[in-house]
Amino acid sequence: MKAKRILTVSSGKGGVGKSTFAVNFSLALARVAPTVLVDLDTGTSSVRNTIDVPVKKDLYHFFRKGEPLEACLTTLPDKLDPHGHFRNFAFVAAPKHAMEEFINFEDMHRYRLMRAINELPARFVVLDLRAGLDAAVLDFLPHSNSGILVFTPHHPAATAAAGDIVKALIFRKLRLVLSEEGPLAKDRETRSHLATINALLDKVEDVYDESLPNLDAFLKDLLLALGEVPAVRALAETVTSFHVHFVLNLFNGIRESYENAIVPFVTFLQRYVSSHVKLYNLGWIVQSTELHEANCRRHPIVLDGPSAGEPAGQKLKLEDLDALLLGNPTPTPVSPKDFLLEVNPEQALVEQLEVLHAMQQDSAARHVRDNFAYILRRALHALQAFPAESFGQRRLLTPLELFDTLAGRTFTP
Ligand SMILES: Nc1ncnc2c1ncn2[C@@H]1O[C@H](COP(=O)(O)OP(=O)(O)OP(=O)(O)O)[C@@H](O)[C@H]1O
Ligand SMILES: [Mg+2]
């Protein structure tokens with residue numbers, strides 16, 4: 001089996017359609033390769049409530065009864081999958097009721113679950129995360145990309161929360177890279193700068209302190225003060241190689257999605273994070289009564305219909321679309337000097353608008369099932385075309401393992 005890829009679905013705020021997306025996307029993925037969906041949310045709209053199948057064992061059994069995670073998988077009965085198209089799909093349900101281990105999620109329990117997720121027998125593992133941004137959520141998220149963020153034009157405030165996830169992830173990584181025991185501390189001269197650089201980073205992180213509004217201003221200052229030293233190069237590389245993947249839910253037209261979701265999201269990132277992160281729109285899901293009713297009937301919409309898991313029509317070749325989205329899938333080497341250049345904030349918005357129009361020309365806009373087929377196609381392409389660190393992760397790392405991985409890393413001199 002090819003290396004596993006773990007993809008998180010998160011949003012920062014609740015009720016934007018994470019679970020709906022996670023369930024249907026996992027089903028679509030399962031038509032390609034063995035896929036396990038893990039419900040890490042204990043909310044009322046949990047995965048078990050949208051799939052009509054009795055759950056014999058769930059995370060309760062994993063936490064309280066010492067069952068291996070593999071023993072807590074639920075597969076689909078014939079009733080839901082009469083043609084056997086989804087035999088490669090399984091899910092791990094969250095506990096039925098609030099459980100202390102899960103709500104407070106002490107480190108010990110969390111790490112045990114992370115290790116077990118790494119061992120799951122699947123090519124794709126999808127994690128449906130709960131809203132919020134505490135350590136329990138952050139630990140499951142990748143460190144060099146955003147995983148899949150879901151937001152909608154109906155909640156511009158929730159969109160800023162998705163931006164907050166990106167900010168938290170990049171800062172987590174920068175802190176580790178800049179730590180006194182981190183990769184940069186090996187060099188004596190760099191080590192002497194670390195305390196100052198960390199103090200500046202505090203100012204960037206603090207949105208009330210306007211002296212350094214974002215990482216671009218921070219890097220520009222560092223570059224002017226220190227020149228292209230290894231620390232500056234490492235930080236520039238960390239920021240510019242960060243990939244953000246998102247899905248627009250409850251889409252009802254390009255104009256509204258652009259104005260109420262894309263603009264607030266991109267503007268948030270430019271203002272508080274950086275204009276240099278890579279943005280990758282995976283597609284949209286239309287607002288659909290049929291989808292909502294399917295959820296209520298506990299019969300996920302992707303289970304029905306001929307287009308489940310099939311590629312959507314191809315007016316525009318994926319490669320062309322990707323060229324439009326990211327320029328070139330092979331990341332161009334960054335020069336820290338890029339941070340000295342003035343970036344036109346409109347440019348990213350124009351590009352995102354072009355992407356929306358290109359998607360509409362393709363079949364992304366049609367029926368909600370086509371939406372999932374389209375997103376699947378784009379996600380598979382992203383998995384193939386980009387380096388593993390740029391979309392999801394191969395395995396979950398505890399904070400210590402993450403630190404060790406980054407500490408052992410050498411940045412291009
Ligand atoms: N595209 C859509 N069209 C119509 N209804 C939708 C759509 N997406 C989600 N919904 C409905 O919105 C509600 C919230 O969706 P869902 O439970 O997937 O959100 P969530 O982000 O997982 O919420 P929570 O944060 O509570 O876990 C559900 O009733 C769902 O059926
Ligand atoms: Mg949910």
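What you have here is a predicted model, where local features need pLDDT of at least 70, side-chain atom pairs count only at pLDDT 80 or more, and totals for chains, interfaces and linings use all residues. Residues are numbered from 1 along each chain as its sequence is written, chains are lettered from A and ligands numbered from 1 in the order in which they are written, and side-chain values use heavy atoms, leaving out hydrogens and water.

**Strand β5**

Let's start with β5, residues 124-129, where six of the six residues are buried. Buried here means under 20% relative accessible area, exposed over 50%, and partly exposed in between (1.4 Å probe, protein chains only). Strands (E, at least two residues) and helices (H or I, at least four) are DSSP runs, numbered from the N terminus. F124, V126 and D128 point one way from β5, while V125, L127 and L129 point the other way.

β5 also has partners; two strands pair if DSSP finds at least two bridges between them. Strand β1 (residues 5-10) runs parallel to β5 and is joined to it by five bridges, with R5 having F124 as its bridge partner. Strand β2 (residues 35-40) is parallel to β5 too, through six bridges, and there V38 stands opposite L127.

**K220**

Next up is K220, which sits in helix α8 (residues 215-226). Is K220 buried, partly exposed or exposed? K220 counts as partly exposed because its relative accessible area is 27%. Beyond its neighbours within four places in sequence, K220 is in contact (heavy atoms within 4.5 Å) with F339, L340 and E342.

**Ligand 1**

Around ligand 1 there are 18 residues (each with a heavy atom within 4 Å), and S19, T20, D41, H292 and N295 come nearest. The shell divides into five nonpolar, eleven polar and two charged residues.

| Residue atom | Ligand 1 atom | Distance |
|---|---|---|
| G15, backbone N or O | oxygen | 3.0 Å |
| K18, side-chain N or O | oxygen | 2.9 Å |
| N249, polar side-chain atom | nitrogen | 2.9 Å |

Taken alone, ligand 1 exposes 630 Å², and the protein buries 80% of that; these areas come from the Shrake-Rupley method with a 1.4 Å probe. The elements giving two or more residues to the shell are α1 (18-30), β7 (243-251), β8 (278-286) and α11 (289-296).

Technical notes:
Polar contact = N/O pair within 3.5 Å; in protein donor to acceptor, adjacent residues only side chain to side chain. Nonpolar A, V, L, I, M, F, W, Y, C, P; charged D, E, K, R; others polar.
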